[in-house]
Amino acid sequence: MSKYGNYKTTIVHLRYTFYQNILYFMSKQIFYTLLVLFVSANFFSCYYDVEEELYKTNCDADTVGYTKDIAPIIVNYCDVCHNDVDLLGAISLESYNQVKVYVDNGKFLGSVRHDAGYSAMPQGGAKLSACDIQKIEKWIDNGAPNN
Ligand code: HEC
């Protein structure tokens with residue numbers, strides 16, 4: 001009985017060592033995999049940081065706001081035609097609520113991006129800068145808040 005017991009204990013022990021070795025081997029593999037992932041993630045995040053840095057200095061669309069960014073674009077490029085008096089195309093973009101109507105029906109973005117199926121705006125003028133369009137897209141992505 002005790003002999004059998006010892007034999008069994010040895011088997012269990014051997015099996016334990018076997019699994020321990022596997023675990024050790026696997027943990028080594030995992031360690032190297034993680035190391036490679038970590039190093040490459042760092043490499044790519046550096047690369048990404050640099051790009052974001054460049055992008056930020058060129059165009060800061062991250063903190064876009066209606067009062068700060070969107071209203072001035074409209075005043076500069078749209079208001080001359082789309083005000084409450086001239087109402088070209090029967091459209092006024094003087095207030096947030098008036099602008100919001102054309103944001104919601106997709107015409108605002110479609111027009112400034114010169115998308116197919118919309119009248120290109122500003123009519124007869126140059127397309128808005130890539131940065132201004134980016135700000136408008138970001139603002140609309142954020143839900144076009146009156147901020
Ligand atoms: C020189 C005058 C003029 C300027 C500047 C102008 N628009 Fe327009 N806009 C018009 C006229 C006229 C129409 C109606 C005829 C048409 O759709 O082309 C119109 C139509 C639109 C429409 C409806 C488009 C559609 O597909 O139904 C939108 C939206 C619009 N304008 C937005 C803008 C925005 C935003 C700006 C500034 C970035 C702007 N417009 C600048 C004259 C102008």
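Among contacts in the protein chain between residues at least 6 apart in sequence, what percentage join residues at least 24 apart? The share is 55%, where two residues are in contact if their C-beta atoms, placed from the backbone, lie within 7 Å. Before we go on, keep in mind that this is a predicted model, in which local features need pLDDT of at least 70, side-chain atom pairs count only at pLDDT 80 or more, and totals for chains, interfaces and linings use all residues. Residues are numbered from 1 along each chain as its sequence is written.

Let's start with the whole chain. The protein chain has five helices and zero strands, so its elements read α-α-α-α-α from the N terminus on, with helices (H or I, at least four residues) and strands (E, at least two) taken as DSSP runs and numbered from the N terminus. Of its 147 residues, 12% count as buried. Here a residue is buried if 20 or more other C-beta atoms lie within 10 Å of its own, exposed if 12 or fewer, and partly exposed in between, with C-beta atoms placed from the backbone.

Now look at one pair of helices. The axes of α2 (residues 66-77) and α5 (residues 130-141) come within 10 Å and cross at roughly 125°. That makes α2 oblique to α5, because angles under 35 degrees count as roughly parallel, over 145 as roughly antiparallel, 65 to 115 as roughly perpendicular and the rest as oblique. Where do they touch? Y66, D69, I70 and I73 in α2 meet D132, K135, I136 and W139 in α5. This contact has five nonpolar, no polar and three charged residues; Ala, Val, Leu, Ile, Met, Phe, Trp, Tyr, Cys and Pro count as nonpolar, Asp, Glu, Lys and Arg as charged, and the others, Gly among them, as polar.

Staying in α2, we find A71. A71 is partly exposed because it has 17 other C-beta atoms within 10 Å. Its C-alpha atom is 8.5 Å from that of E94, 23 residues apart along the chain.

The loop between α4 and α5 holds G125. With 12 C-beta neighbours inside 10 Å, G125 counts as exposed. G125 and Y77 are 48 residues apart in sequence, and their C-alpha atoms are 8.6 Å apart in space.

Finally, visit the ligand. Of the 21 residues around the ligand, C78, C81, G89, S119 and M121 come nearest. The shell divides into 13 nonpolar, seven polar and one charged, and its largest share, four residues, comes from helix α4 (residues 107-112).

Conventions. Axes are lines fitted to C-alpha atoms, for helices over the stretch in contact, and angles run from 0 to 180 degrees between N-to-C directions. A residue is near a molecule or strand if its C-beta atom, placed from the backbone, lies within 6 Å of it.
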